[in-house]
Amino acid sequence: MFICRRFLQIGTLSLILAGCASSPTTGSAHAPTPSPSPSDTIPIRIGPAKPQPEPPAATLPSGELRPAARAYADQIAAERGLSPDIVRATLADARYNATVARLIAPSPPGRKVWRSWLTYRARFVEPKRINWGVQFWQENQALLDQAAQRYGVPASIIVSIIGVETLYGRNMGNFRVLDALATLAFDYPDPSRPERVEMFRGQLADFITLALHGKLPLEASGSYAGAIGMPQFMPGSIMRYAVDGDHDGHIDLTNSVADSVMSVGNFLVEHGWLRGLPVFAPVVLPPDPSALASGGLQPTHTWASLQAAGARLAPGTDGAGWIDRPLGVVDLQEEARGTVQYRTATPNFFALTQYNRSYFYATAVADLAAAVQARMNQ
């Protein structure tokens, strides 16, 4: 546990553009992307269409690697201690995927996509996801309790992330990861974003390294941005943060619930999650808190500075656990209506944005977690 702007993943990728607030454009656990655009026309065919094989992603018509791909293969082979011939052969096997390129391409010029927190939230904090979340929690109660004890991440948050990402493993993506990453590494559809090319080349290098070391199958499937498994980790996150939760000597985020649950907990802790801290602080903000919302991915306020701006504790609450921590003000926009919802976020909110760099995403995870927890408490 792919890239909007606060981007990382199947299940969430098609909604990220609508849910992004202004922020950096790098991904983390996965690489979120703009939402796919519906086709303007529908081709009509007489008789069954013959499937056309996709062209190679990294080779010339002659079958040789493109110069950029050959240089890339030799570079990562040298840097990672891999066989140059095997890396070249692996790249030569990658196929260009036009669907991947289309789905990750920017919206056409002049097409306005309105950001809507209420629409985004409704897609994730929904009855079926809550019901399946309760079922997933009940079926894996001991495992989730173990993860919560080890990492300090509540079971509700881990359940919610897996639910938001893949509907508890029901929708993990069916794109061949090698093809998706090679397509984005060598034919990224937006030439104005060279940093995205470098990011995907890094993820492709991590995927090839994992595959050639026997830690991922070369035929692995995932999202159109290359995210894998129940928690939709990008290859780099698998390499750095995934955990062997079932202690079988192998990390498998596609088939092992234990590996997935423990890996989510480990990822969040490694990105700043603090045990016992809520995601949002119970704060009543001043009537117009817009100047307090920085739009960044780090908390920039103290409780004293928020008080000086007119904030106060919500009635019946205290600042236990969070009052001495840095805080941020989150803006959740409803652009078409010209309205904004504001919340006061703790460092744990910003840990969630490292999973997917979107205020909408992190807030939806927190709200779904609360809804599932409420059902579990009934």
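# Reading salt bridges, helix packing and backbone angles

Author: Asp206 is buried, with a relative accessible area of 3%. Buried means under 20% relative accessible area, exposed over 50%, and partly exposed in between (1.4 Å probe, protein chains only). This is a predicted model, where local features need pLDDT of at least 70, side-chain atom pairs count only at pLDDT 80 or more, and totals for chains, interfaces and linings use all residues. Residues are numbered from 1 along each chain as its sequence is written, and side-chain values use heavy atoms, leaving out hydrogens and water.

Reader: Which side chain does Asp206 meet in a salt bridge?

Author: Side chains of opposite charge can pair when their charged atoms come close. The cut-off here is a side-chain nitrogen of Lys or Arg within 4 Å of a carboxyl oxygen of Asp or Glu. Asp206 meets the side chain of Arg80, at 2.7 Å from N to O. Arg80 sits in helix α2 and Asp206 in helix α10, so the pair links distant parts of the chain, 126 residues apart. Helices (H or I, at least four residues) and strands (E, at least two) are DSSP runs, numbered from the N terminus.

Reader: How many salt bridges does the structure hold?

Author: The structure holds 13. One of them joins the side chains of Arg66 and Asp187, at 3.0 Å from N to O. Arg66 lies in the loop between α1 (16–19) and α2 (67–80), and Asp187 in the loop between α9 (177–186) and α10 (194–212), so the pair ties together parts that are 121 residues apart in sequence.

Reader: Are Arg66 and Asp187 buried or partly exposed?

Author: Arg66 counts as partly exposed, at 23% relative accessibility. Asp187 counts as partly exposed too, at 29%.

Reader: Which residues are linked in a network of salt bridges?

Author: Asp93, Arg176, Asp179 and Glu219 are. Take the pair of Asp93 and Arg176, whose side chains meet at 2.5 Å, N to O. Asp93 is in the loop between α3 (84–92) and α4 (98–104), and Arg176 is in strand β1 (residues 175–176). The two are 83 residues apart, and the pair links distant parts of the chain. Asp93 counts as partly exposed, at 40% relative accessibility. Arg176 counts as buried, at 16%.

Reader: Now helix packing. At what angle do α3 and α10 pack?

Author: Two packed helices are described by the angle between their axes and the distance between the axes. Axes are lines fitted to C-alpha atoms, for helices over the stretch in contact; angles run from 0 to 180 degrees between N-to-C directions. α3 and α10 pack at about 115°, with axes 11 Å apart. That makes α3 roughly perpendicular to α10. Angles under 35 degrees count as roughly parallel, over 145 as roughly antiparallel, 65 to 115 as roughly perpendicular and the rest as oblique.

Reader: Which residues make the contact of α3 with α10?

Author: Contact means heavy atoms within 4.5 Å. α3 gives Ile86, Val87, Thr90 and Leu91; α10 gives Leu204, Ile208 and Leu212. By class, that is six nonpolar, one polar and no charged residues. Ala, Val, Leu, Ile, Met, Phe, Trp, Tyr, Cys and Pro count as nonpolar, Asp, Glu, Lys and Arg as charged, and the others, Gly among them, as polar.

Reader: How do the axes of α8 and α15 cross?

Author: The axes of α8 (residues 155–166) and α15 (residues 359–377) come within 8 Å and cross at roughly 120°. That makes α8 oblique to α15. The contact draws on α8 residues including Ile157, Ile161 and Val164, and on α15 residues including Val365, Leu368 and Val372. The contact divides into 10 nonpolar, three polar and one charged.

Reader: Last, the backbone. What is the phi of Tyr168?

Author: Tyr168 has a positive phi of about 60° although it is not a glycine. Tyr168 is found in the loop between α8 and β1. Tyr168 is buried, with a relative accessible area of 9%.

Reader: And what is the phi of Gln232?

Author: Gln232 has a positive phi of about 55°, and Gln232 is not a glycine. Gln232 lies in the loop between β2 (221–222) and α11 (235–241). Gln232 is buried, with a relative accessible area of 0%.
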